[in-house]
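Hi,

Here is the structure I promised to pass on.

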Amino acid sequence: VARKDKRLARADKHPALAISGMEKLAREALDLTREILERCGPRLAGSEACERSARMLRDRLAPLCDEASVEPFEVRPDAFLGFLRVTFGLYALGTALLFLRRPVPASLAFTAGALLVVFEFLLYREVLDPLYPRRTGHNVAAFIEPRCEVKRQLIFAGHHDSARVFNLLCYLPRLYRIRLVGAFVTVAGMPISSWCWAASGRAQAWPWLGAADCVLGAVFLLPMWWFLGKEGVPGAGDNLIASAMLVPIARRLRESGGLESTRVLLFSSDAEEAGLRGARAYVRRHEQALRGLPTFLFNLESIYQADRIQFLESDLNGVQPLDQPLAAQCVALARDLGLPARTFRMYPGSGATDAAEFARVGVRATTLIAMPTDVEVDDLVYHTPRDVVAAIEPEAVEACLGIALALAKKLDAQSL
Ligand SMILES: [Zn+2]
């Protein structure tokens, strides 16, 4: 009864949603998410379970599309977050060298650790990749051709791989942001201070710096050693539901006779959680086709709550601009459906989505995120074993489908 009340309250809050006719499509997406979870479980990038989920998606899309395929690519899934331990190792090495009064080698070790964070974590470059074992990832791509000549392309995207458990978020969510800022300050501050001491030549200060270093390292960096758990999370809301939504999107487009002059690509990546490597491989392989026509990307990421819809204007820790007019247009479409949507800019430390990879080659991209931004709560779902289907509001799925289909219609009518 309480659940029904909640639904009714929400219907009151978003009256337009109740008449948008998305309930059936949303149910299809939720059922498919449940089914894939039952058959595949957690889906770490490049794993056999992840490949199975890709094939299930392809099989569902194939009858609704003109073409549907699974595209394998090479990935080293542990490389992206491998920097957590490598940086800690370099930091410990630098500290030991300070005690041994070797300031220059110590400074070099700290500097290497800091550069790793910048290139591997903030810019998502492939610095450590050669050191990690190779696996095969599997993207899914399906096309629906328009009735007439193709004038533009519209990509709907999600990812079917799931993350490893983020132990800190799962077991120590309190002070998460302070921990993160402290770790950044430590990683950035140590090379600066140790180079300063090295340049000053005041040898007596080095053990003091080393001691300060031990304290900072123990408080802020040591927990990072255990940041990642071994197990994968179910990843229902992040982001299997997004990939599952591709099927009802294809179904609705098909049933309504297809679009007039817009080619639709339904894309689900592998290895998003391993540093966007799946989208990167796809974009690399199909760059010409993506650049050949005006191309738009509507990427879906972390779908939980209808009243938390945000469209990204920038990505990749704020470094990669996304398409602001597209994001603004999506906000307007969401508000037409009675949803309190807004735009959002990523900032350093907030991570990245697959849209960054597409935007790099000129695709007009935005990402819809529908999750609470407060991470310091005890029942946080994101990247924890609690990310199951029950954590997804059906209204959030209805909202995403409504906005996605409205965008397809609008683009096809050349009114964007
Ligand atoms: Zn995700």
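Predicted model: local features only at pLDDT ≥ 70, side-chain atom pairs only at ≥ 80, totals over all residues.

Residues are numbered from 1 along each chain as its sequence is written, and side-chain values use heavy atoms, with hydrogens and water left out.

His-159 sits in strand β3 (strands are DSSP runs of E, at least two residues, and helices runs of H or I, at least four, numbered from the N terminus). Its relative accessible area is 0%, so His-159 counts as buried (under 20%, with exposed over 50% and partly exposed in between, using a 1.4 Å probe and protein chains only).

Now the zinc ion: its protein donors are His-159 (NE2), Asp-238 (OD) and Glu-301 (OE), 1.9 to 2.2 Å away. Donors here are N, O and S atoms within 2.8 Å of the metal (3.2 Å for Na, K and Ca); water is not among the atoms, so sites may look incomplete. In sequence, the spacing reads H-x78-D-x62-E. His-159 in β3 and Glu-301 in β7 (residues 295-303) are 142 residues apart, and both are buried.

The side chains of His-159 and Glu-301 also make a polar contact at 3.2 Å, and His-159 has another with the side chain of Asp-161, at 2.9 Å. That term means a pair of N or O atoms within 3.5 Å; within protein, one must be able to donate a hydrogen and the other to accept it, and residues adjacent in sequence count only if both are side-chain atoms.

Cheers
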